[in-house]
Amino acid sequence: MQKLGVTLMAFILLVLTLAPAGRSQAAGANIVDPSVTYTYGVLTRDIRELAAKYPDIIEYKSIGKTLYGRDIWAVGLGTGSATVFFNGSHHAREWLTTTLNMQMIEQYAAAYAENRKFEGYDVRDILGKTKIWFVPMVNPDGVTLQQTGLQSFPGSVHKALIAMNDGSRNFKRWKANAQGVDPNRQYDANWEELVNNYYYPHWMGHKGTAPMTARENKAMIAFTYEIDPEIAVSYHSAGRILYWNFRTPAANVARDKRLANIFTAFTGYSQVSPSYNSNGGGGYTDWFIQKLGRPAFTPEIGVKTGETHLPLSAFGEEWRRNKKIGLWIAQEGYALWAEKNKTTVNPVSVFLDGKRIEDDLAAFNEDGATYVSYKPLLASFGYKLKWEGAAKSVTATGDYGTIRFTLGKKEAEINGKNVTLTAAPRLYEGVVYVPVRLISQATGAVLTVYKDTGAVSVKSPVRITPKPEVPTIPTVPAEPVEPPVQEPPLEIPTQPEVQGEVQPPAAGSEEVAIPGTVVEPGE
């Protein structure tokens, strides 16, 4: 009996280890709970719940899969044209950086939804101009191995994993991915010259047989080129230090040093000397600085407590030091993007039924095309507006029908018919604008654009109340009608018939003609 109890207890502990950590009561209405071990399962669940809670501002997708089928999730926060990029957990035991990434996402999204500032930053303005992308867990296989050990992997690879771990079944020190390759020594930046390298798969320090061969690294490079970020921040642990320079060209040193000094002022992290870091390489930010020529930072959170992960108790202090970093980097990223993307936007006035729309920028002219902010006009015409963050599309439904359009695409849909617009809808300063003729095409509003000033005059469309439909009776049935079923004649019991006589009806009853008898009037 005692043996059965011990077995049952062991089984319960195993289930608790494998299952995603549950909600903490202290977390309240928050989705992200920094007080739990942040597993791949918790990450996946929290990303989906955040996207459902804040659909206007959050999107997510998988940018690739690991060898063992785990998704490498990317989360987008914001609607702006400029982009910046944050990531965490390149190294398996550094999963507290995943928690930090996710805490940023939720806290910034909540401030945006509530239209309030966060640490003095105007969240709506920043996320309207810049989109912050996150890959919170670059190395989910490695993280899972470090947190749960062999039980989360097929038995056929246990022997190989133990060998990579120098014969130990305790994986708490593990840094590599599940193939024994260090993802932050895999990038093509001074890869050939990397020192202190293990030439075989190992729990740490093996750079692989060639750069950019690990699935995690391939996904990160492809995604970086896809989102084209102005600044990158790759969180690691531990040491409370900041890497900011990797053989940075002289022309970029002053720009990057200014940002590094602000980073240090916010976090208190000491800057690593450029001369010391120049001997390294293979890291994500090393590659980013070298290949894209843009600023990138590797902050190491926390104070090292041995060859393992930081304790959960370290999170509060590291969050305090880093909580404004995401918004500040987004703001700096937009400034860099705007400098490279100067436009010839000429603001113009918009009048609706003779009254000027007082929005900050209701319309503008650019390269001969006139754009108008779609919300004020369509809302005044009674349309209900729905923004699909993942598809970057708008659906407007009202008395005049349904309109669908997508950012960056000239193809739109008006009342079920495909149309080609004069210009593609676009974002400017965080606001969605459409070519002004889309409004008149969709609603029937009378549109006038004055050549001298560029001002736009819109006259509301006449509301047409549809006449009620009166159903008509078809003269010819649409389908053949089957004849009614003939019921057998009603049998009526009779008195015994007397030849030549008529039986009178019972008192109070109607006269009934009985077959075989004759009823004469008056009798």
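Me: Let's start with charges: how many salt bridges does a search of the whole structure find?

Reply: The search finds 23 salt bridges. Do keep in mind that this is a predicted model. As a general idea, side chains of opposite charge can pair when their charged atoms come close. Take R70, which forms a salt bridge with D141, with 2.7 Å between the closest N and O atoms. This pair links distant parts of the chain, 71 residues apart: R70 is in the loop between β1 (58-65) and β2 (71-77), and D141 is in helix α5 (residues 140-148).

Me: Is R70 buried or exposed, and how should I read the value for D141?

Reply: Buried means under 20% relative accessible area. R70 has 12% relative accessibility, so R70 counts as buried. D141 is buried too, because its relative accessible area is 0%.

Me: Which residue forms a salt bridge with R93?

Reply: That is E307, and the closest N and O atoms are 2.6 Å apart. The two lie 214 residues apart, with R93 in the loop between β3 (82-87) and α3 (96-113), and E307 in the loop between β9 (296-301) and α11 (315-322). R93 counts as buried at 7% relative accessibility, whereas E307, at 42%, counts as partly exposed. A network of salt bridges links R93, K304 and E307.

Me: And where is the partner of R426?

Reply: R426 forms a salt bridge with E366, the closest N and O atoms being 2.2 Å apart. E366 sits in strand β13 (residues 363-366), R426 in strand β20 (residues 426-428), 60 residues apart. Both R426 and E366 are buried.

Me: Now to sheets. What is the order of strands in the open sheet of five?

Reply: Strands of a sheet pair through backbone hydrogen bonds, either parallel or antiparallel. Here the order is β15-β16-β17-β18-β19, and the pairing is antiparallel. β15 (384-388) and β19 (417-420) each have a single partner strand, so one side of each is left without a neighbour in the sheet. From one strand to the next, the twist averages 20°. Inside this sheet, β16 (residues 393-398) pairs with β17 (residues 401-406) over six bridges, and T397 stands opposite T402 in β17.

Me: Last, the surface: which residues make the nonpolar patch of about 380 Å²?

Reply: Y198, Y199 and Y200 make that patch. Y199 is in the loop between α6 (158-164) and α7 (215-227). Exposed means over 50% relative accessible area, and Y199 is exposed because its value is 69%. For the whole protein, 47% of the 523 residues count as buried.

Methods
Residues numbered from 1 in each chain as written. Predicted model: local features only at pLDDT ≥ 70, side-chain atom pairs only at ≥ 80, totals over all residues. Heavy atoms only, no water. Patch = residues over 30% accessible without salt bridge, like charges linked within 9 Å, V, L, I, M, F, W, Y side chains within 5 Å. Areas by Shrake-Rupley, 256 points an atom, 1.4 Å probe, with all protein chains shown as cover. Salt bridge = Lys/Arg side-chain N within 4 Å of Asp/Glu carboxyl O. Helix = DSSP H or I, 4+ residues; strand = E, 2+ residues; numbered from the N terminus. Buried < 20%, exposed > 50% of the residue type's maximum accessible area, 1.4 Å probe, protein only. Pairing = 2+ DSSP bridges. Axes fitted to C-alpha atoms, helices over the stretch in contact; angles between N-to-C directions.
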